[in-house]
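Let's take a walk through a protein together, starting with the whole chain and then stopping at a few of its residues. Keep the picture at hand as you read.

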Amino acid sequence: MTGAQEPEVMSTKQVRIAALAERFPQRAFTSLAHYIDAQWLKTAYLMTRHDGAVGIDGQTADDFARGFEANIQRLLEGAKSGRYRAPPVRRVHIPKGDGRTTRPIGIPTFEDKVLQRAVVALLEPLYEHDFLDGSYGFRPGRSAHQAVEAVRNNLMSMGGAWVIDLDIKAFFDTIDHQHLRAFLQQRVKDGVILRLIGKWLKAGVLEAGQWQKGEVGSPQGGVISPLLANVYLHYVLDEWFEIDAKPRLRGRAFSVRFADDAILAFSNEADARKVLEVLPKRFARYGLTLHPTKTRLVRFRPHREQRAETFDFLGFTYYWGKSRRGRWIIKQKTAKDRYKRGLKRISLWCRANRHRPLREQHRQLCRKVTGHYAYYGITNNIEALQRFVNTVRRIWIKWLRRRSQKGWFSWEKAAQLLSILPMPRARIVHRFT
């Protein structure tokens, strides 16, 4: 396997696809599958996470690698001939931020992940030409922090706005397959690719030994699901807002979307209310429902006489505050639910691992705290970071004191321990201008 050469081969082909997409912006391409060959699949294998959870067949990356060449060839021939059968995804449930409810995640088999990765790599350069600037989720070279900063900077340039905080109920579970196929066929009419996507959509899920048919939705956790979600919302929301809605507005407006989380902002209140009235009908047309209480209109302007409204986006609360020079600026801090969720996970971990060696506990806790900083360490959020790490210290000591009923671990010993094994200092990782 010439692994070093294959990414370069894929990249060259992707540049070619991107050039075609730019040259023919209205064309639906009928011949794309020929780009996928054995080398393309080998690169997709390298791009696939090798330590992820296994699907219903229990196959690991190591299992796949044992008969690597034969497995690649079998996968390629099955995909091209139409004989490939997409296995159901294994459904598991992970806790949501509130700690009371769960989110279903679908785990494909390893070889299904490889084939899905190959198709994503094929379609990405095509759709990167079509997707709009306000879309940030699961796109190459784009991140959640860029989306967070884009919302802040646009709102600052407008001096505040009327903000629609959009929440779609169970989006990934309610994607309409018929509408999705129609959207895809505006750019892709290659039978091999459409057939594969259709098989993944229909594969269904296996949960507790029971198979459920895939009538609607695209399971979260699938490699191709984020791309399909972006295609769906590109047509349902992004393109509609930019081409149909904005020209009818009186004032300025912008949208920022990360997967199914979206913010629409307007300089004019009447514009905001008009769009908010139309949005449920627009989404219902494509089988989607806006959450009636979580979707809300926020008056997001600095106000001296009353407490200004706030909103959350991608784990951060946006609010108005004063700069060091006394000017009104937009700041962000860790959202309350994310803050509590992070501490709850730390507490559960400390409780379960309090009998491990102290240095091992310290090493793991430092990783968790550093990981928190890596996401929430943004400009103006230092206080929340310091509060987080201080609470982590107290949680750790609390569970260490319960290692023994004899009370051997005094507060003096705790202070001495923290001086020897300190937690990472709060720090800003992402600096916004």
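What percentage of the 433 residues in the chain do buried residues make up? They make up 47%, where buried means under 20% relative accessible area, exposed means over 50%, and partly exposed is in between (1.4 Å probe, protein chains only). Before going further, please note that this is a predicted model, in which local features need pLDDT of at least 70 and side-chain atom pairs count only at pLDDT 80 or more, while totals for chains, interfaces and linings use all residues. Residues are numbered from 1 along each chain as its sequence is written, and side-chain values use heavy atoms, with hydrogens and water left out.

Now look at the chain as a whole. Its secondary structure comes to 15 helices and 11 strands; helices (H or I, at least four residues) and strands (E, at least two) are DSSP runs, numbered from the N terminus. The chain has a radius of gyration of 25 Å, close to the 22 Å that the globule rule gives for 433 residues, so it is as compact as a globular protein of that length. That radius is taken over C-alpha atoms, and the globule rule is 2.2 Å times the number of residues to the power 0.38. Along the principal axes, the C-alpha atoms fill a box of roughly 70 × 60 × 40 Å. Of the contacts in the chain with a separation of 6 or more, 72% are between residues 24 or more positions apart; contact means heavy atoms within 4.5 Å.

Next, find helix α6, residues 144-158. At 1.5 Å a residue, its 15 residues should span 21 Å, and this agrees with its end C-alpha atoms, which are 21 Å apart. The expected span is 1.5 Å times one less than the number of residues. Several residues of α6 are buried, including Ala144, Val148, Arg152 and Leu155. An α-helix has 3.6 residues a turn, so residues three or four places apart point the same way. After α6 comes Gly159, with a positive phi near 70°.

The loop between α5 (110-130) and α6 holds Phe138. Phe138 is partly exposed, with a relative accessible area of 48%, and has a positive phi of about 55° although it is not a glycine. Most residues other than glycine have a negative phi. Ala259 is another non-glycine residue with a positive phi, of about 55°. Ala259 sits in the loop between β6 and β7 (261-266) and is buried, with a relative accessible area of 6%.

Which side chains does Arg257 meet through polar contacts? Arg257 belongs to strand β6 (residues 253-258) and is buried, with a relative accessible area of 1%. Its side chain makes a polar contact of 3.2 Å with the side chain of Ser135 and one of 2.8 Å with that of Asp238. A polar contact is a pair of N or O atoms within 3.5 Å; within protein, one must be able to donate a hydrogen and the other to accept it, and residues adjacent in sequence count only if both atoms are side-chain atoms. Leaving out residues up to four places away in sequence, Arg257 also touches others, among them Tyr136, Asn230 and His234.

Thr295 is in the loop between α11 (269-284) and β8 (296-300). At 12% relative accessibility, Thr295 counts as buried. The side chain of Thr295 reaches the backbone nitrogen of Asp167 at 3.0 Å. Beyond its neighbours within four places in sequence, Thr295 is in contact with several residues, including Ile164, Leu276 and Leu290.

Let's finish with a pair of strands. Strand β10 (residues 316-322) and β11 pair in the antiparallel sense over 7 bridges; two strands pair if DSSP finds at least two bridges between them. Thr317 has Lys333 in β11 as its bridge partner. The two strands, β10 and β11, form a hairpin with 5 residues between them, and Gly326 in the turn has a positive phi of about 85°. Is strand β11 largely enclosed or open? In β11 (residues 328-334), 5 of the 7 residues are buried, so this strand is largely enclosed by the rest of the structure.
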